[in-house]
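Welcome, and please open your viewer. We will go from one selection to the next and look at what is there.

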Amino acid sequence: MRLKKLSDQVIVITGATSGIGLTTARMAAAQGAKLVLAARAEDALHQLEKELQTFGTEALVVPTDVGDKADVAALAKAAVARFGRIDTWVNNAGVSIFGRLQEVSDDDSHRLFQTNFWGVVNGSMEAVKHMKKHGGALINLGSELSDVSVPLQGMYAASKHAVKGYTDSLRMELEKDSVPISVTLIKPAAIDTMFAVHAKNYMDVEPKLPSPIYAPELVAEAILYAAQHPKRDVHVGGASKMNSVGGFHLPRLFDKMGETMMWSGQRSNRASRSGRQDALHSPDTSHELRQREGMGDVAESSPYTQAALRYKPLKLALLGGGALVAAWMLSRSGTTRVSGDGINPPH
């Protein structure tokens, strides 16, 4: 399967007005791609369109709620009408909820799945329909929580498990029929975006993400690499791979880790904001066009992810074994100091 270089591609990106989607759009534009950008925040989309056009990028913006099948069909139709084709489709839009599962309303849970899961389904079906003959890349955003779960983000973890199952099944069906579409699942660790700010919050304090936290540029690099080189899946951040390997081989240990470490790891020391906005049911316009929240000590590189994108399976297996060893060390140490791609026992 051959994929085009970015400068020859038309790329559709959902969730394009903040975080990973915004970072990916700007990086793709810098490499000469033609862009079709989708989000619910119409004003922010048009501001982004003007920004990119200033630098000579051909960009089309389409206000879209990915949970609405008709909206996503209109997005694809607009892309083909403007550029004649779609070469890569990135299903990036997503949102979370922080709170115990028993406290989260059915309405909020359904809305999360409408965006995180059905948004991926809607986008994938349109991508396959329009790329089936000439080929291309379909890139879905999962999470490290596609493979493991944590308390306080149970519904988000469930949606990302569902995205993984759907993506893997779709890949097999397309390969069975020799459809020339590369299907990639990207599984980031905690990323310094507006994720916690945009999330619906049921807790009495503001949510936060547990360390280690990685830069959104690392996810964008993985996405744009997969747009040009077929990849089955990519863990962004060594912590993501460690969680996947450890959760598979040591599930009860990782349950206990979640029960102890993930409570304080997701709760800040700041009281929940009065009149707090979120992006679950409608866009949070006060935080659009920002790539990062500014979470403090952020890893700007990931040796594991760089290796995962370029190494052959044997070397990756060795790296995965190293991640499992790290998990075993964690179980022996009791407490940890986490930094960058590493998990280090305390001195």
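A residue is called buried when its relative accessible area is under 20%, exposed when that area is over 50%, and partly exposed in between, using a 1.4 Å probe and the protein chains only. What you have open is a predicted model, in which local features need pLDDT of at least 70, side-chain atom pairs count only at pLDDT 80 or more, and totals for chains, interfaces and linings use all residues. Residues are numbered from 1 along each chain as its sequence is written, and side-chain values use heavy atoms, with hydrogens and water left out.

**The whole protein**

Start with everything selected. Of the 347 residues, 55% count as buried. The protein has 12 helices and 16 strands; these are DSSP runs numbered from the N terminus, with helices being H or I of at least four residues and strands being E of at least two. With contact taken as heavy atoms within 4.5 Å, 76% of the contacts between residues at least 6 apart in sequence join residues at least 24 apart.

**The aromatic cluster**

Select F113, F117, W118 and Y166, which form one aromatic cluster. A pair of aromatic rings is described by the distance of the centres and the angle of the planes. Here, rings of Phe, Tyr and Trp (its six-membered ring) pair if their centres lie within 6.5 Å; planes under 30 degrees apart count as stacked, over 60 as edge-to-face and the rest as tilted. By this rule there are 5 aromatic pairs. One of them, F113 with F117, is tilted, at 6.3 Å centre to centre and 55° between the planes. F113 is partly exposed, with a relative accessible area of 22%, whereas F117 is buried at 15%.

Now keep F117 and look at Y166: this pair is edge-to-face, with 6.1 Å between centres and 85° between planes. F117 sits in the loop between α4 (106–116) and α5, and Y166 in helix α6, so the pair ties together parts that are 49 residues apart in sequence. Are F117 and Y166 buried or exposed? Both are buried.

**N122 in α5**

Next, select N122 in helix α5 (residues 118–131). N122 is buried, with a relative accessible area of 10%. What does the side chain of N122 reach? Draw a distance to the backbone oxygen of V66 and you will get 2.9 Å. Beyond its neighbours within four places in sequence, N122 is in contact with V66, G67, D68, K69 and V72.

**The nonpolar cores**

A nonpolar core is a set of buried Ala, Val, Leu, Ile, Met, Phe, Trp, Tyr and Cys residues joined through side-chain atoms within 4.5 Å. The largest one holds 59 residues, and I11, I13, L35, L37, I186, V219 and I223 touch the most other members. Helix α8 (residues 216–226) gives this core its largest share, 7 residues. Another core, of 30 residues, lies apart from it and includes A38, L60, Y166 and L185.

Zoom in on I186. Setting aside residues up to four places away in sequence, I186 touches I139, N140, L141, G142, S143, V219, A222, I223, V234 and V236.

**Helix α1**

Select residues 19–30, which make up the 12 residues of α1. From first C-alpha to last the helix reaches 17 Å, close to the 16 Å expected at 1.5 Å a residue; the expected span is 1.5 Å times one less than the number of residues. Because 9 of its 12 residues are buried, α1 is largely enclosed by the rest of the structure. The buried residues of α1 pack against β1 (10–14), β2 (34–39), α2 (42–54), β8 (190–191) and α8. Just after α1, G32 takes a positive phi of about 90°.

**Backbone stops**

Most residues other than glycine have a negative phi, and most peptide bonds are trans. Select S211 and P212: a cis peptide bond joins them, with omega about -5°. P212 lies in the loop between β10 (205–207) and β11 (213–214).

Then go to L152, in the loop between β6 (136–141) and α6 (154–176). Its phi is positive, near 75°, and L152 is buried, with a relative accessible area of 7%. Finish at L289, where phi is positive at about 60°, in the loop between β13 (267–271) and β14 (298–299).

Conventions
A polar contact is a pair of N or O atoms within 3.5 Å; within protein, one must be able to donate a hydrogen and the other to accept it, and residues adjacent in sequence count only if both atoms are side-chain atoms.
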